[in-house]
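Here is a brisk report on a two-part subject: how the chains meet, and how each is built.

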Amino acid sequence: MAKATGNLPFSGTPEQEAELRKVIAEHKDEKGALMPVLHKAQEIYGYLPIEVQTIIAEGLSVPLQEVYGVATFYSQFSLYPKGKYKISVCLGTACYVKGAGDVFDKLCKKLGLQSGQCTPDGRFSLDACRCIGACGLAPVLTVNDEVYGKVTVDDIDTILAKYTG
Amino acid sequence: MENVTLKINGMSVSVPQNSTVLEAARIAGINIPTLCYLKGYNEIGACRMCLVEIKGARSFAAACVQPVGEGMEVFTNTPALIKSRKNTLELLLSTHDRKCLSCSRSGDCELQRLSREYGVEDEHRFDGEMNHYEPDASAAHMVRDNNKCILCRRCTAVCANMQGVSVIGVTERGFQAHVASPFEMDLADTSCVSCGQCIVACPTGALYEKDATAEVFAAINDPSKHVVVQTAPAVRAAIGEEFGLPIGTNAKGKMVAALRRLGFDKVFDTDFSADLTIMEEANEFIERVKNGGKLPMITSCSPGWVKFCEHYYGDFIENLSTCKSPQQMFGAIVKTYYAEKNNIDPKDIFVVSVMPCTAKKFERGREDQSAAGVPDIDAVLTTRELARMIKKAGLLFTSLPDEDFDLPLGIGSGAGAIFGATGGVMEAALRTAVETLTDTKLEGKALDFVDVRGTKGIKEASYQVGDLNVKVAVVSGLINARKLLEDVRAGKADYHFIEVMACPGGCVNGGGQPIQPASVRNNTDIQALRASVLYDEDLTKLEYRKSHENPVIKELYETYLEKPGSHKAHGILHTSYVNRGLY
C-alpha cells in the first residue's frame, strides 16, 4: 500500500511549529484534547500532513494511529494542502442527477487527483462538496469564489485553461 | 460481592451484580454468540451478534456490555433475535472476500462457524459494491488482508490495550472504514513489534502468519541439506490443541515422533539452549553487579519485547542483556560446535525452529545473528504451521508413539522448560545465580521461586543472595512493560533484574500458538493451563532442574566454550541492538 502522504513537500515554518506546540501545551492535560488540537493545527497549516500529526501525537502522548484515525474520520480535516485554485464540484442530489459525477471524474482524471488532493505544482486542489444552494444551475462547480453553472464534461478544458499559464 | 437474580429464557439465575448479560447467560449454561467481544480488551458492543431481548426494553441490547439488574428478564434465542443475527451475518458477508476454501482460517473461522450455525443459506444475499484492498505482506512475520476483515476491532484493541503499540487502527469512516497503519504505511515501516497477538485475536482470515512450510518441506527433500529442528518449550504445551486434545496437554512425545516422521535429520530441544542462555545471562548479571555495569539488567529472550524496547524505549537498550535468545543460541551452536563435531559444513546445515511466536520470524533476520558466517536460523515455523505440516503429511498425531528428542542437543533441564511461561526465565536464572554466588545447593522446595510465577501482569520479589538483596520484577504483556519502564525511568522503582515477555502469560500464550476462538478465550484461563504443562515437566518429568547441571551444557563449556562469558562465548552467543525510533 502506498503511503498516504501528500505529493507536495512539507513547508511548515518554525513559527507555525511554535504556534502548534503552544496549542498542544494549552490542551495537554484536558480529556479529549485531540479534537481541539487538530482543529487548531488545521487552522495553522491549512492541512494535516504526517509531520504535523507526528508533532501532535508526541505532544499529547497518543499513538500516531489514533491521531490519523480521527483525522480521517471527520471530513473537515484534510491530509492534503489546498491549491492556489481550489476546485469544488457539487455532488448534491440535483447536481448529481444532472451529471456532476461525470464532471468530477473527468477532473480527477485530467488533474491526476483523488478527492481532497492537490496537484504537485500546488496549482489545483479538488474536492467534492455538498449542495451549495445553486441547484437551478446544476451541475455546479466553483473555483475559489468563481461559480460555474450548467457545466458539462466538455467545458472542463476551457475552465482549467483560465487558471493555467 | 452481592448477587442479583434474573431470569434468562425463563430460568432463574443468580449472578454477581457486576456481571454482564453475556456472563450471566454463561453461568446459566447458555452461550450467546459474539464476534467483536474480547474480554478485557474489546468490549464495545459493535458487531451486534450478541443481541438479546430484555423484557420492557425498547430495543435489543448487546449482551456483552449490558449489565445485569435485579429481576431482569432476558431472552437469548427468540425468532426475532435469530433472524437479526442471521441478517447481521449476511450483511458482514456482503463485503467479505468469500474465498473460504483457500483461506488460512477455513475450518476455524468464527464468521464461517456462525454462518453455519445460523443457517445462512445464501452468502450472496446482499451482493453489491465491494471494497478491494491490496494485502500488506511487507512485514517479516505476517500478512494483513483487509478483504477478509469484518471490522470487529479485536486486532486494534489488543495492539493498543494489551501491547500498548497501536500501529493499526480504524481509518476513514462508513463504507471506506478499514484497518490500517497511520498514513497507510506498510506494516514493516511502522513500529510494529511482530508479536502476532492480532493474529490470534482475529476471528477470520484477515491476519495470518507468513507461512514457511513450503521452504521447510523443500529443505527436508533436499539431500544435500542436513536439516535440524528445535522446538521451544511452549510448543509442546499447545500443539495438541490442533489435534483435538484438551488445552493443557503435554504433547511432547507425539510432537517429537511427528517431527521425525516428517523427515528432519535431528530433532532437538530449545530447552537445551534455554539452559545455555541461563549460563550466559546469569554470568552477565553477576558481572554487571560486581563491576558496576548497567542495571537493571533486562532479559532479551522475547523478540517482540526487544523490538518494542528498540522502538519505544531506546534509552533502555543498554539494560538489555546482550545474550541472544534461546532460538538464536541454538542455531549458533548447531552451526559452530555441532557442525565441527560432526564434520558438516555449516552451509549445508538447515536449522528450523518451531516457535510459539511470530516475532521469531523477524528475529531470525536481525543483524548480528550469524555466528558461523551464515544465518543462525534458516526458517521459523509457528506451532500452527507445524500442525499444518503434520496434517499435510497425513500423520495421525494422536496415534503416534511418544518418542524422545535426539542426543545431545535434546537434553534440557526443568529450568529450560519453564522458559515458556512468564517468570520462568527469572526463576531459571535465580536457580543458577544463587548457587553460583552463594556456593549452596538448592534442593526440593528451595528451587521453587513461587513469587515470580503466575499470570499476573507485573510481579515483584526480592531475594537475599549472599550479601546482596536482589530485587527483581517480572512483566508480561507490553502495556505492563510500559508501566514498569515508566516507573523505572521516573526513579519510582528500582530493580536489579527484570524479565519481560511481550505476550501476556509468556510464550505459552504467544502469537504463533494455536488459535482459540473468543468463546473459549473469554471463558478459559488458557495461559495458566498451558503453563501448568511446563511446571509439571520441571517438577516430575525432567532429570535436571538447574541449567548448570545439564550434562550437555557442562560438556559444551568444558570442550568448546571454556566458560560463560568467555571470548568465544561472546562471539557465538551474544548480540547487539539498534535504536529504531518510532516509524
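In this predicted model, 17 residues of chain B are in contact with 14 residues of chain A. Contact means that the C-beta atoms of two residues, placed from the backbone, lie within 7 Å. On the chain B side, the residues touching chain A comprise seven nonpolar, four polar and six charged. Ala, Val, Leu, Ile, Met, Phe, Trp, Tyr, Cys and Pro count as nonpolar; Asp, Glu, Lys and Arg count as charged; the others, Gly among them, count as polar.

The model scores ipTM 0.90 and pTM 0.93. Chain B has a mean pLDDT of 96, with 100% of its residues at 70 or more. pLDDT is the predictor's confidence in each residue, from 0 to 100.

Local features need pLDDT of at least 70, side-chain atom pairs count only at pLDDT 80 or more, and totals for chains, interfaces and linings use all residues. Residues are numbered from 1 along each chain as its sequence is written, while chains are lettered from A and ligands numbered from 1 in the order in which they are written.

Domain bounds come from an automatic or database domain assignment.

| Chain | Domain | Residues |
|---|---|---|
| A | domain 1 | 14-73 |
| A | domain 2 | 85-161 |
| B | domain 1 | 3-77 |
| B | domain 2 | 91-209 |
| B | domain 3 | 214-573 |

In chain A, the C-alpha centres of domain 1 and domain 2 lie 30 Å apart. In chain B, 27 Å separate the C-alpha centres of domain 1 and domain 2. There, 10 residues of domain 1 are in contact with 12 residues of domain 2. The domain 1 side of that contact in chain B has nine nonpolar residues, one polar and no charged.

Chain B also holds an open sheet of five strands, ordered S2-S1-S5-S3-S4, with mixed pairing. Its edge strands are S2 (11-16) and S4 (61-62) of chain B, each pairing on one side only. Strands are DSSP runs of E, at least two residues, and helices are runs of H or I, at least four, numbered from the N terminus. Strands pair if DSSP finds at least two bridges between them. Strand S1 (residues 3-8) of chain B runs antiparallel to S2(B), joined by six bridges. Leu6(B) has Val13(B) of S2(B) as its bridge partner.
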